[in-house]
Amino acid sequence: MTRHEPFSYKSSAELLKKSEDLGLKLPFQESINLLFEKVTLGSRKLPNRMAVQPMEGFDAESDGSPSELTFRRYCRYGRGGSSLIWFEATSVVQEGRSNPHQLMITSHNVDDFKRLVEKTRSSASSMFRSQHEIFLVLQLTHSGRYSQPERKPKPKVACINHFLDEQGGNAQVISDEELEQLQEKYVDSARLAGEAGFDAVDIKACHGYLINDLLAAFTRDKSRYGGSFQNRTFFLREVVDKIRSVVPGIILAVRLNAYDGIVYPYGFGVRKDGSLSVDLTEPKSLIRKLIRLGCSLFNVTAGNPFLKPHLGRPFDRPHFKASLPEEHPLEGVSRLLNIAGELQKEFPGIPFVGTGYSWLRHFFPNVAAAVVRRRGASFIGLGRSSFAYPDAVRDLMNTNSIDPKKVCITCSRCSHLMRHGFVSGCAVRDREVYGKEYRKLLRNIKR
């Protein structure tokens with residue numbers, strides 16, 4: 001293991017030298033033209049390989065409707081140039097919200113979501129005209145262990161997890177009957193998403209939330225949703241199958257934790273020898289089953305941001321209560337690239353979105369283009385970087401470069417805001433809105 005270091009590279013040569021010193025093979029090339037190839041997704045031809053990852057703003061109205069800030073964020077993404085915009089986690093039920101201001105789609109507010117879709121599309125078309133067609137995915141979720149619909153934790157878990165529940169204490173194991181009823185809520189939300197004009201729905205299965213929790217429910221006894229691989233994947237497979245039947249026109253996607261980074265029998269995508277080594281045997285089997293059921297788009301991620309945030313979001317500085325990991329951020333970046341690459345190569349006919357690029361700052365396009373060249377991902381996803389620099393892709397289109405003074409600095413302030421229940425965004429690059437929120441947060445902590 002290598003001690004953590006913040007980003008300090010003034011040239012690509014320095015970055016590549018550090019990668020070499022760590023024994024890593026960071027892909028890199030000068031030409032970034034491959035990022036602007038047209039990509040086929042379903043029946044659509046998208047203008048580039050860039051994607052906005054689902055980053056929660058926690059700025060919805062109390063009924064789950066998008067607010068002014070929500071519209072502002074997605075219109076900026078629309079103008080920003082990415083062809084694929086993956087909308088943030090949207091709860092399928094009130095009790096499954098991770099924050100009182102998390103988005104939630106219902107029959108009462110579906111027209112507001114429809115307006116959000118229309119505004120996002122019109123933002124893109126007004127900036128780029130008709131040649132630039134964007135693809136919109138709505139992520140559907142139940143927060144499970146991290147449910148907090150009224151600012152007080154109300155966790156619902158797939159099974160007790162000794163690495164996670166010691167932080168909570170009042171977790172309730174969700175019953176088979178509740179899970180069966182919840183499937184219908186996912187189907188209803190997918191139908192509403194189609195009505196609102198989304199191109200696809202993502203059944204969120206990552207970052208420790210309910211479906212990811214079920215995938216790792218090895219110790220869930222006497223349940224059709226726990227124990228064996230068939231049982232642990234049953235809920236996700238059933239939801240996908242039902243949505244395909246009820247909402248046939250919508251594309252099915254899954255954002256999947258391919259690696260939890262928690263030892264067996266408490267984590268998915270790890271070896272069963274007690275180590276933390278990556279084992280993609282089960283993720284590959286699950287993806288194969290989901291493709292047969294009609295899934296045609298996957299977004300690969302890793303880790304639990306409440307336990308090991310660096311696995312999914314390599315950073316320079318952690319959030320307030322976290323310690324620095326005992327690995328260099330480049331090791332985390334490399335792991336994410338390798339996991340996505342192995343899965344993309346296993347399923348070459350299915351588009352995969354890769355992640356882990358924000359820490360690379362203004363060098364990310366060169367790494368991303370090299371990843372695409374070696375067929376390690378079909379789309380390049382930016383999460384925190386989209387918060388900080390939503391028009392980075394447009395700048396790349398126009399000038400073949402991005403501004404180092406605008407990039408995300410992986411300071412975790414957006415995570416601080418999110419974790420403490422504030423509206424979330426980039427407090428460094430978007431100070432007018434989120435700098436004020438961050439100052440409020442600091443005052444609260446001092447008090």
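Tutor: Let's start with a term: a salt bridge is a side-chain nitrogen of Lys or Arg within 4 Å of a carboxyl oxygen of Asp or Glu. What you see above is a predicted model, where local features need pLDDT of at least 70 and side-chain atom pairs count only at pLDDT 80 or more, while totals for chains, interfaces and linings use all residues. Residues are numbered from 1 along each chain as its sequence is written, and side-chain values use heavy atoms, with hydrogens and water left out.

Student: Okay, how many salt bridges does a search of the whole structure find?

Tutor: The search turns up 28 salt bridges. Take Asp199 and Arg44: their side chains meet in one, at 2.7 Å from N to O. Asp199 sits in the loop between α4 (176–196) and β9 (200–203), and Arg44 in strand β2 (residues 44–46), so to speak distant parts of the chain, 155 residues apart. Those labels come from DSSP runs numbered from the N terminus: helices are H or I with at least four residues, strands are E with at least two.

Student: Are Asp199 and Arg44 buried or exposed?

Tutor: Here's the rule: buried means under 20% relative accessible area, exposed over 50%, and partly exposed in between (1.4 Å probe, protein chains only). Both Asp199 and Arg44 are buried.

Student: What about Lys284 and Glu342, which also form a salt bridge?

Tutor: Their closest N and O atoms are 2.7 Å apart. Lys284 counts as buried because its relative accessibility is 15%, whereas Glu342, at 38%, counts as partly exposed.

Student: Which residues do shared partners join into one network?

Tutor: Arg44, Arg121, Glu133 and Asp199, through salt bridges.

Student: Now cavities. What volume does the largest cavity have?

Tutor: On a 1 Å grid over the protein atoms alone, a cavity is a set of points where a 1.4 Å probe fits but cannot get out; lining residues have an atom within 4 Å of a point. Points are joined across faces, edges and corners, and a volume is the space filled by probe spheres set on them. The largest cavity has about 140 Å³. It is lined by 16 residues, and Arg255, Gly312, Arg313, Thr355 and Gly383 are the closest to its centre.

Student: And how many cavities of 30 Å³ or more are there?

Tutor: The count comes to nine.

Methods. On a 1 Å grid over the protein atoms alone, a cavity is a set of points where a 1.4 Å probe fits but cannot get out, and a pocket is an open set with protein on both sides within 12 Å along at least five of seven lines; lining residues have an atom within 4 Å of a point.
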